[in-house]
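Student: I'd like to learn how to read side-chain packing in a model like this one. Could you walk me through it?

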Amino acid sequence: MQIDLSGRKALVSGSSQGIGLAIATQLARAGAAVVVNGRTADKTETAAAQVRNDVPGAEVTAVAADLASSEGAEQLQAEVPDLDILVNNLGIFGAKPVLEVDDDEWRHYFEVNVLSAIRLIRMYLPGMTERGRGRVLNIASDSAIVTPVEMVHYGVTKTALLAVTRGYAKAAAGTGVTVNSVIAGPTHTPGVEDFVHELVGDDQEWDDAQRQFMREHRPYSLIQRLIEPPEIGNLVVYLSSDLASATTGGAVRVDGGYVDSILP
Ligand SMILES: NC(=O)c1ccc[n+]([C@@H]2O[C@H](COP(=O)([O-])OP(=O)(O)OC[C@H]3O[C@@H](n4cnc5c(N)ncnc54)[C@H](OP(=O)(O)O)[C@@H]3O)[C@@H](O)[C@H]2O)c1
């Protein structure tokens, strides 16, 4: 199967590092013009330069905007009026006992992890349906299926994102536009690497450290290692392509088998 996204324009929200940056890079490798986003100009430009360096000839635009705000989303739309592929990757997470999460923090998680995606879908979906072509991908998490006791507020927002996906897929029914969630599992991002070393110490090679971490703290993972960010990007590239034309309204897993269930 050949995947060619040339002629397509893709935005990845929150892509100045981590999974978002890897998704943007994989989309660029497949030929898409990509828009990289973060809150600060410096970091976003640096990320765009990294994609250009990794994928010579790639068409990459950096847009610094806070996409958790309506002003930021409007600024983005002024700079990027149309998209073929919208990847709602932006998401925040952090451990906190659920009884200590107050109203303001619940609202903040909802604004960043759910409303940011809804707002961008509202902005870009009508253009896609008019053209009869487009892809929306919402990056969810294993925490959407198995609510983590140490970050219930995060899990709740990711569960909501699955319903958002299903709802907007229905709104796009019969148009040729697909809307899906990607359920990412524990992934090797800089934040997670620090977390692993905190838990298992930093006196071992990375590979041994992550395997100990997975054995002791993520025993349900079937690959028994962290996922590398480009592995998430690969699934996003496939779902962004014409080949995935019959997959919509669903949640597709790239979780290393971590969620111990047959569906989704
Ligand atoms: N890491 C994991 O193991 C894992 C597992 C499952 C799912 N996920 C999901 O995957 C996605 C990416 O996670 P990650 O670990 O790669 O995240 P990350 O390393 O924390 O990166 C977050 C990105 O979002 C940007 N950002 C934060 N707030 C923003 C805002 N208001 N507007 C625009 N950009 C903003 C950050 O850039 P600036 O700081 O420059 O603004 C950064 O580029 C999230 O949705 C997360 O829930 C992660």
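Tutor: Let's start with burial: a residue is buried under 20% relative accessible area, exposed over 50% and partly exposed in between, using a 1.4 Å probe and protein chains only. Tyrosine 154 has a relative accessible area of 8%, so tyrosine 154 is buried. Before we go on, this is a predicted model, where local features need pLDDT of at least 70, side-chain atom pairs count only at pLDDT 80 or more, and totals for chains, interfaces and linings use all residues. Residues are numbered from 1 along each chain as its sequence is written, and side-chain values use heavy atoms, with hydrogens and water left out.

Student: How many aromatic pairs are there in the whole structure?

Tutor: Rings of Phe, Tyr and Trp (its six-membered ring) pair if their centres lie within 6.5 Å; planes under 30 degrees apart are stacked, over 60 edge-to-face, and the rest tilted. Searching the whole structure turns up two pairs. In one, the rings of phenylalanine 93 and tyrosine 154 have centres 5.6 Å apart and planes at 55°, so this pair is tilted. Phenylalanine 93 sits in the loop between strand E4 (85-88) and helix H4 (103-131), and tyrosine 154 in helix H5 (residues 152-171), so the pair ties together parts 61 residues apart in sequence. Those labels are DSSP runs numbered from the N terminus: helices (H or I) of at least four residues, strands (E) of at least two. Phenylalanine 93 is exposed, at a relative accessible area of 53%.

Student: And what kind of pair do phenylalanine 195 and phenylalanine 213 form?

Tutor: That one is edge-to-face, 6.1 Å centre to centre with 75° between the planes. Phenylalanine 195 belongs to helix H6 (residues 190-200) and phenylalanine 213 to helix H7 (residues 206-217), 18 residues apart. Phenylalanine 195 is partly exposed at 36% relative accessibility, while phenylalanine 213 is buried at 1%.

Student: Which backbone oxygens lie by the side chain of asparagine 37?

Tutor: For a polar contact, look for N or O atoms within 3.5 Å; within protein, one must be able to donate a hydrogen and the other to accept it, and residues adjacent in sequence count only if both atoms are side-chain atoms. A polar atom of the asparagine 37 side chain lies 3.1 Å from the backbone oxygen of valine 63, and one lies 3.0 Å from that of alanine 65. Asparagine 37 is in strand E2 (residues 33-38) and is buried, with a relative accessible area of 2%.

Student: What about the nonpolar core?

Tutor: In soluble globular proteins, nonpolar side chains tend to be buried together. A nonpolar core is a set of buried Ala, Val, Leu, Ile, Met, Phe, Trp, Tyr and Cys residues joined through side-chain atoms within 4.5 Å. Here the largest has 34 residues, and Ile23, Val87 and Val236 are among those with the most contacts inside it. Helix H1 (residues 18-29) gives the largest share of this core, six residues. A second, separate core has 27 residues, including Val63 and Leu76.

Student: Which residues does valine 236 touch, beyond those up to four places away in sequence?

Tutor: Contact means heavy atoms within 4.5 Å. By that rule, valine 236 touches Ile23, Leu27, Val87, Leu137, Ile139 and Val182, not counting residues up to four places away in sequence.
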